[in-house]
Amino acid sequence: MLAATPNSSFHTTSSHFEALNSDNFKILPHFSSVNCFPPSKKFHLSSILLPNAVVRSPRTRRRRSKSSRGSGNLCNQFSIGASLAAEPGIQPEDALQQSFAPFSIKIPVGDRHILVETGHIGRQASGAVTVTDGETIIYTTVCLSDVPSEPSDFFPLSVHYQERFSAAGRTSGGFFKREGKTKDHEVLICRLIDRPIRPTMRKGFYHETQILSWVLSYDGVHPPDSLAVTAAGIAVALSEVPNSETIAGVRIGLIDDKFVVNPTNKEMEDSKLDLLLAGTDSAILMIEGYCDFLPEDKLLEAVEVGQNAVRAIIEAVESLVKKCGKPKMLDAIKLPPPELYKHVEEIAGDELIEALQIKNKIPRRKALSSLEAKVIGILTEEGFVSKIEAAVTTETLPDLNEDEDEDEEVVLDGEIDEGDIRIKPVPKKPTPLLYSEVDVKLVFKEVSSNFLRRRIVEGGKRSDGRTPEELRSINSRCGLLPRAHGSALFTRGETQSLAVVTLGDKQMAQRIDNLVDDDEFKRFYLQYCFPPSCVGEVGRAGAPSRREIGHGMLAERALERILPSEDDFPYTVRVESTITESNGSSSMASVCGGCLALQDAGVPVKSSIAGIAMGMVLDTKEFGGDGTPLILSDITGGEDASGDMDFKVAGNDDGVTSFQMDIKVGGITLPVMRKALLQAKEGRKQILAEMAKCFPPPSKTLSKYAPIIHVMKVKPDKVNLIIGSGGKKVKSIIEETGVESIETQDDGIVKITARDLVSLEKSKAIIARLTMVSTVGEIYRDCEIKSIAQYGVFVEISPGREGLCHISELSANWLAKAEDAFKVGDRIDVKLIEVNEKGQLRLSRRALLPESAKQQNGNKANNGEISEDGSPDLKVTEPTEANSTLPENSFVKRFVRSGKDVKQADKTVPKKNTVKSFINVSKKSTSAVVNGEAKM
C-alpha cells in the first residue's frame, strides 16, 4: 500500500506497482508549495493502476484530525503527480522542476529592450509573467476554471486591469485610501487586452478564463498600456488555455515625420499619431488610435511598422513558450456534432433565407427567433434533442470518517484516503441524449451566418437590399432642444443618435486621477449612452458599461481634432450622445451627430467630420466567390455579428482623425486594410455631403442660454490683487456682480464666466480698475478718502488701489491739518502726478483747481517717498500746463460707483469664467483699450 514517510518520499510494496516500472509513468514526491496548484490535466490514481485493481483504505484513517477532513486543497499536504515524459532524453522529475524554474528573456522593442520574466511569482496561476520597460513593471496572470461553463456563442473571458497608486509612490485619495471602482482609462485598457485575445481562442472551449493585470511600478516615462497587451498575450501563451496564436501589442507614434515604436510620454506630446496595434506574427488583430487628419497611406505605413515590431516580439516569446509553456487543454474543446448542421439546414431551409431578407431589424429578429424555436421543436419531436438530460448514476462514497470494524473497498471513481494523501473525485456530469438544445442554438446561429454570407457573396445583395459599397439613407436636423446649448438628431438607416452639447467654464472640466502627481483636466469630453430601449429590449440601466465607455472615447477622439484652441474658444465642451435607435455603427453616428451639435452650439470647429463602420467577408471562396475578401460599407448589426471585421474610421476628405478595428478571425493583412480604408474614405465623403443638407441647419452661434466667458490679460504681479487675502476679494467681486466664476492664472490671464452681459460688465470694470496700470496725468473723479494722516490723505482711485495726496496738494490755500478741510469718506477728484520706483502713487487735488496755477509757487513741499516712520518724504513737483489741466476734447470714463450704487448692484446673476478687455480712462491714456485688450 501507499504510505507517506517523514522524509518526503513515498514507498510501496513491489507487489502493488510492479507494473508501473516503465519509462512513461513515474510517481514524483514533492513537498514544495509550488506544486500546490491544479495540474494541467485531471489526474486519477486509477490511470496508473492495473485493470481491476482495488485500493484498500486502512483503519488508521480514523485518527485523522478534523482540520484536514474537509480540505479539498492539496496545498500544505503531500502531493502525487503523474508525468508523461515528452521526450526520451528528459526525465519527468527534471521536466516538472523545470516548469517552476524562473525564466527571463530580453526582447528588443524600438530603441530599447523589454524584460519578460516568469516562474518567480504567481506560480499557482495557469500563467503569470512580469514585463518591464524602464522602471515600469506590469504583472499579469491567467487562470481558468476547473469545470467548463454552459456552451454559448462567446468565449467566457474576463479582463481586469488596475493601476496601483503605490506604483508611483502615491496613495489613493478618498476616505478608504485604496483603489476602488475601475477608472475609465483602465476600462479602455481592459478592452485593448480583450479584443485581440478573444479571436485567438478556439471554438468549443468553455472554461471560464480570467486575465488580471496590475501596474506594480510606474516611472512616468514609459506608458503601461501597450505593455499590458503584450504581457497578457505572453501569459495566455504560457498557460493551459488552448489559444491558436500568440499575440503582442505596441504603440506607434509619428514624431518629426518618423515612426517611433513604443515612444515615451514626453515623445508622445509632439506626436501626430497615437496608434496601438496588436496582432500575431502574420496578421493584424486590432488597431485603435487617433491622429491629426493623417492620410490613409501614412496610416498604413504606421501599421506596417507596428506589425514588424509585433512579429519580432512574438518570435522571442515563442522560444520562451517552448521552454516553460504548459500543455494546452485541447481535449477540453467540445464542438457540436457535424451531422447536426445538416439537420438544421434541412429543417430551416427556405424559411431561413426568407427571414434573412427582411429589411427591418425587429421583424427579422422575431422571425429568426421563431424559426429557431421551430427547429428545436422538430428535432425534439423526432427524438434528436431532449431537454431532460440522461440520468447517470454516480456512486456516492461512504463517510470516510466513521469508525469501522473492518476494511472496506472503495471504487476507483470514489475518494481514496491514505493518511495525508487525499485525491478528490471529479463527479461525472450527466450526458445529454444525442444533441442538446444549446448545441442546436449554436448551430442555428452559425448556419444563419453562413446563409447571410452566401447571399452577399453570390447575390451581391445584403439583408436590406444594398450593394456592398452602398450606404443607408441619412437624415439630420439641428436645434431640437430649445434650452440646450446645441443639439442634433442624426439618423442613418435604423441607427439614430441624439447629440447634445453643453458649454461651461473650467469648473465643468472632467478631472482625471492618474498615477502622476499632476491632476489632468479635460476641457472636452463625450459621453455615450446606449439604453436597452434603442434595440427594443429590456435590460440594465444605470452606470455606463465598458462598451459605452469605449464607444464614447472613440467618438471623443474623432471630434477632439476639430475643436478650436482654448485661446480661441475658452469654453469647456461636453457632448452627450444618446442612442435612440441602433442597428449597427452607433459610435460613428455619435461622431456625425456630435459634429452637427457642436456647430449648433456655436463652437467654431475647424471642419466637419463623419464616421463610418466597415465590415468584411474574408473567405469568399467558401460561399461561392473567387476568394478575394469582400468589404462592406456602413454595416448593420447583423452584418457585424455575422461578419469577420468591424473597422470604424472617422475623418474628413483630407484624412483620418480616429479609428478602431476588431477582427473576429485569425487576422487580416495590409492589402485588405488598405482596401477597407480607401472604401471608407469614399463612404465618408458621401456622409459629409448628406450632413451638409441638414435641416434645420446648425445655428453656428452661441445660444442665449450659454454662459458668457470673457478673457482679460493683466500683469502677473496684479493677480494677487484680484484674489485678495484668502480669496476674499475675488469672492466679494463674484457676490457683488453676480457672475458665476472668476478664474485667475499665474501668467495674468483672468477668465470671467457670467450668464448675462450686465453682470459681466460689472466684474470687468472692477477687475480693470483693480489691476489698472496708472499713468502720470490721468484724472480720477469722485474718489473716496480712505484714511487721513498728519501729512495728507490716502485716496482710493480704484478698488484696492490707493495713492497719497500730500497736504500741500489738497488745496490751493495753505492747510495746517488735513482734517481741517476733509474727513474720511469724502469724495474728491484727483490727478496722478507721479509714480515712484516702488509703484507708489502721488496724487494732487490742487492740480485740478482753477486757483492752482496762481498758487503753485507758494505751495511747496518735499516730493519723495513715504518714510519708514510714516512721515511724508515727498518732493513737490511744479505742475506744468500739460498736467495741471484737463485737455480739451478729452473724456473720462468713471469706474468707481458711489456707495449707494454698489449697494444696489444686482446680486441675482450667476458666477464663473473669462475673456479679453481692459480699462479705458481717457482718449489719450496709454492704458486705453486696444481691440478689446488693455495695453499693458
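**Entry 1: Asp634 and Arg466**

I began with Asp634 and Arg466, whose side chains meet in a salt bridge at 3.8 Å, N to O. The two belong to distant parts of the chain, 168 residues apart. I found Asp634 in the loop between strand S27 (630-633) and helix H12 (637-642), and Arg466 in the loop between helix H9 (437-459) and strand S19 (474-478). A reminder to myself before going further: this is a predicted model.

Next I asked: is Asp634 buried or exposed? Asp634 counts as buried because its relative accessibility is 0%, below the 20% cut-off. I looked up its backbone too, and noted a positive phi of about 55°, although Asp634 is not a glycine.

The side chains of Asp464 and Arg466 meet in a salt bridge at 2.8 Å, N to O. Arg466 counts as buried because its relative accessibility is 4%. Asp464 is buried as well, with a relative accessible area of 18%; I kept in mind that buried means under 20%.

Which residues are linked with these in a network of salt bridges? I wrote down Asp464, Arg466, Arg472, Arg492 and Asp634. In general, side chains of opposite charge can pair when their charged atoms come close.

**Entry 2: Another salt bridge**

How many salt bridges does the structure hold? The count I got is 40. I picked out Arg365 and Glu537, where the closest N and O atoms are 3.1 Å apart.

I checked the accessibility of both. Arg365 counts as partly exposed because its relative accessibility is 26%. Glu537 is partly exposed too, with a relative accessible area of 43%.

**Entry 3: Negative charge on the surface**

Which residues gather in a patch of negative charge on the surface? I listed Glu245, Asp281, Glu315 and Glu318. I followed up on Glu318, which lies in helix H6 (residues 296-324). Glu318 counts as partly exposed because its relative accessibility is 31%, and a patch member needs over 30%.

I looked at helix H4 (residues 225-238) for its span. H4 has 14 residues and reaches 20 Å from its first C-alpha to its last, close to the 20 Å expected at 1.5 Å a residue. Why is H4 described as largely enclosed by the rest of the structure? The reason is that 14 of the 14 residues of H4 are buried.

Ala235 is found in helix H4, and it is buried with a relative accessible area of 0%. I also checked Ala235 against Ala125: they are 110 residues apart in sequence and 9.7 Å apart in space, C-alpha to C-alpha.

Then I turned to helix H16 (residues 757-770), with 14 residues and a reach of 20 Å from its first C-alpha to its last, close to the 20 Å expected. Eleven of the 14 residues of H16 are buried, so this helix is largely enclosed by the rest of the structure. Which residues of H16 are buried? My list includes the charged side chains Lys762, Lys764 and Arg769. Others among the buried residues are Ser759, Leu760, Ser763, Ala765, Ile766, Ile767, Ala768 and Leu770.

**Entry 4: A contact across the sequence**

Met286 has its place in strand S15 (residues 284-294). Met286 counts as buried because its relative accessibility is 0%. The C-alpha atoms of Met286 and Phe647 are separated by 9.3 Å, with the residues 361 apart along the chain.

**Entry 5: Backbone notes**

I ended with the backbone. Where is the cis peptide bond I noted? It joins Phe695 and Pro696, with omega about -5°. Pro696 is placed in the loop between helix H13 (670-691) and strand S30 (708-713).

Lys177 has a positive phi of about 55°, although Lys177 is not a glycine. I located Lys177 in the loop between strand S10 (157-163) and helix H3 (184-197).

Methods:
Residues numbered from 1 in each chain as written. Predicted model: local features only at pLDDT ≥ 70, side-chain atom pairs only at ≥ 80, totals over all residues. Heavy atoms only, no water. Patch = residues over 30% accessible without salt bridge, like charges linked within 9 Å, V, L, I, M, F, W, Y side chains within 5 Å. Areas by Shrake-Rupley, 256 points an atom, 1.4 Å probe, with all protein chains shown as cover. Salt bridge = Lys/Arg side-chain N within 4 Å of Asp/Glu carboxyl O. Charge placed at Lys NZ, Arg CZ, Asp CG, Glu CD. Helix = DSSP H or I, 4+ residues; strand = E, 2+ residues; numbered from the N terminus. Buried < 20%, exposed > 50% of the residue type's maximum accessible area, 1.4 Å probe, protein only. Expected span 1.5 Å × (residues − 1).
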